[in-house]
Amino acid sequence: MPRRSMVATAAALALIGVALPATPGYAEGSRDDTPALGVRTPDRTATGRTTTSRTNTIIVTFDRDQSHPSRAGRDVVAQAAETVAGAEVTKVQPITDDTVAVTLDTSLTADQQAEVGTRVEDVDGVAAAEPSVTFRPTSTDDTYYDYLWNLASGSSYGVDAEDAWPATTGSGVVVGVVDTGITAHPDLTGSRSSITGGNVVAGYDFISDSSTSGDGDGRDADPTDEGDYCTSDGTDSSWHGTHVAGIVAAIRNNSEGVVGVAPGAKVQPLRALGNCGGETADIIAALRWGAGLTVSGITATNPTPVDVLNLSLGGTGTCSTAMQNAINDVVAAGATVVVAAGNDGTSLSTSTPANCQNVIRVTATSHGGTRASYSNYGTSSYPATVAAPGGTGASQTDATAWIVSTWNSGTTTAGDPSYVGMAGTSMAAPHVSATIALLKSLDPALTPAQLTAILTDTATPLSSTCSTAKCGAGIVDAAAAVSAESAMLAGFTAKVTGTAKVGTALTATITPSSSATTTSYQWLRDGTAISGATSRTYTAVAKDAGTTLSVRAEVSIGSVSDTVTASAGTVAKGSFTRKTSPSTSGTFKVGRTVTAKKGTWSPTPTSYSYRWLRAGSAIKGATKSTYTLTRADKGRKISVTVTVSRGGYTTTSWTTKAKKVG
Ligand SMILES: [Ca+2]
Ligand SMILES: [Ca+2]
Ligand SMILES: [Ca+2]
């Protein structure tokens with residue numbers, strides 16, 4: 001493999017947007033301090049906190065139900081609003097029969113709100129008059145939270161991390177970020193000077209070439225990002241590892257910057273990309289050491305082996321045997337390997353390690369839920385696993401074109417902590433790694449294969465058609481994945497659908513369903529296992545009639561296994577279906593023998609019986625399939641009733657059309 005075949009996706013492919021100020025609101029003018037993404041100033045109000053802003057809506061609560069709540073609300077507010085603020089009522093919205101929202105044509109200051117409230121509450125029958133409170137659908141006070149469409153749900157096609165956090169934020173899990181290292185950042189390490197602390201645990205620097213390490217020597221225990229600027233091609237430092245780390249686990253609710261997908265998890269910086277990129281050997285060393293495996297020449301063992309390895313990097317070529325072996329080893333050790341598909345807008349089959357086996361391949365999607373045009377994609381031979389937000393990078397003024405995360409202002413060597421929007425599959429992959437951290441936090445026993453199954457099972461379809469092989473199973477949905485795992489941990493339920501009747505199929509359904517669950521089925525007759533009845537469906541046979549059928553399923557995922565049963569109830573007898581009706585043949589004249597044709601039935605009856613009729617009344621002794629007409633029949637109408645029977649089925653009869661005897 002040629003030198004520098006492993007080029008950081010950052011350097012080659014991640015687009016860098018415009019820097020956001022590290023501390024918004026005070027610095028002005030300079031290039032780096034201008035929030036040039038043109039996004040509104042974030043509202044820092046957290047959920048449920050009362051704003052001190054002006055409001056033009058008063059909520060009036062009466063002592064008792066009002067026959068006309070809208071009129072009553074208008075009546076009690078109008079005069080006070082006019083007197084205090086010269087405001088007029090423009091809208092009255094009943095909430096219940098005793099509560100209405102009254103909206104004015106002008107906003108009230110806090111003092112005016114208080115004065116109007118006092119006057120309205122003085123009105124007989126009014127229990128309370130209070131300003132309407134503004135709520136935001138967020139649970140974090142991080143400054144740039146409003147930029148983080150990638151964490152939200154719904155029309156923005158984010159990963160819905162917000163709705164996963166009530167269940168878990170990833171505590172106890174370590175995500176290894178094989179990248180450019182890390183810089184001190186208050187939203188990662190809680191410090192402007194230390195590269196550990198906060199949500200970052202000690203890592204390692206695997207760059208063995210002192211000419212690209214930037215720290216003057218080979219491998220060492222300090223994974224500080226010294227800058228990956230590349231003099232030969234003129235690129236500045238990307239601070240890519242710092243950006244990826246922030247997507248995984250930037251600190252939540254610290255009144256600072258951004259928040260990661262798994263803000264309760266820890267990031268371990270595994271530095272393998274230096275000036276102009278990195279080398280296969282160093283990336284392999286980072287993978288192995290990160291997963292707690294041995295690496296020749298490194299005596300220090302990893303005190304906090306990782307659960308997930310994030311590789312937001314790639315180079316052109318096939319997957320080397322050495323790289324594949326390393327991946328297989330770390331997966332066997334329990335670490336899940338997440339790889340960015342690459343940003344060449346082509347098949348990922350030529351991007352390595354995305355084209356290695358045993359990895360989760362991540363494509364990038366836009367705010368609108370489409371595949372980002374730069375994102376590499378899977379093929380039938382190299383299918384993508386899942387997609388995640390990567391942004392389009394297509395606009396310098398629209399924050400939704402980017403993934404905003406932690407960064408550094410330095411051009412070559414590190415400057416000040418800052419924030420920036422970047423776009424790329426490099427940004428998509430850490431969304432997946434962090435979602436895995438959320439799942440592992442709930443259930444540490446989950447294997448890479450099980451994690452992959454949960455992610456693909458619960459992913460959100462892209463907004464425009466893209467095959468599973470090309471884009472993956474969908475956009476990772478952290479909340480749905482966590483919800484599925486939580487439900488599994490809470491236990492499974494089974495139910496049987498279909499009618500309990502001989503000859504009719506019954507189907508067992510296990511909830512929650514997931515391909516991550518390994519399920520076996522056993523159907524039971526009056527509590528006793530039925531030999532061979534081990535499929536999800538079962539069709540009741542004759543001997544089931546009158547018994548009670550049930551199904552028992554064994555379900556497991558991760559460390560959780562469960563046995564669930566469901567009853568189908570008492571089995572009714574089956575019903576014959578008449579395909580062609582019984583009929584008669586022969587010449588209907590005295591002395592001739594006529595024959596009953598038994599018709600065709602489903603299932604085939606095991607016995608038939610006959611009863612010949614003269615003018616609708618049974619003819620004594622005429623119970624064979626043939627009947628010889630007598631003088632008594634002359635001029636009368638003859639028919640025959642055919643009765644079919646079979647074990648487990650309701651005995652059924654059919655009378656032929658009567659024929660007159662000549
Ligand atoms: Ca070094
Ligand atoms: Ca170092
Ligand atoms: Ca933060």
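Guide: Two strands pair if DSSP finds at least two bridges between them. Strands (E, at least two residues) and helices (H or I, at least four) are DSSP runs, numbered from the N terminus. This is a predicted model, in which local features need pLDDT of at least 70, side-chain atom pairs count only at pLDDT 80 or more, and totals for chains, interfaces and linings use all residues. Residues are numbered from 1 along each chain as its sequence is written, and side-chain values use heavy atoms, with hydrogens and water left out.

The open sheet has seven strands, in the order β8-β9-β7-β12-β14-β16-β17, and the pairing is parallel. Because β8 (204-205) and β17 (386-389) each have a single partner strand, one side of each is left without a neighbour in the sheet.

Consider β12 (308-311). Four bridges link β12 with β7 in the parallel sense, and G176 has L309 as its bridge partner in β12. Strand β12 also runs parallel to β14, again over four bridges; here L311 is partnered by V339 in β14. From β12, V308 and N310 point one way while L309 and L311 point the other, and all are buried (under 20% relative accessible area, with exposed over 50% and partly exposed in between, for a 1.4 Å probe and protein chains only).

Further along, β14 (residues 336-340) and β16 (residues 360-365) pair in parallel over three bridges, with V338 opposite I360 in β16.

Methods. Chains lettered and ligands numbered in written order. Contact = heavy atoms within 4.5 Å. Axes fitted to C-alpha atoms, helices over the stretch in contact; angles between N-to-C directions.
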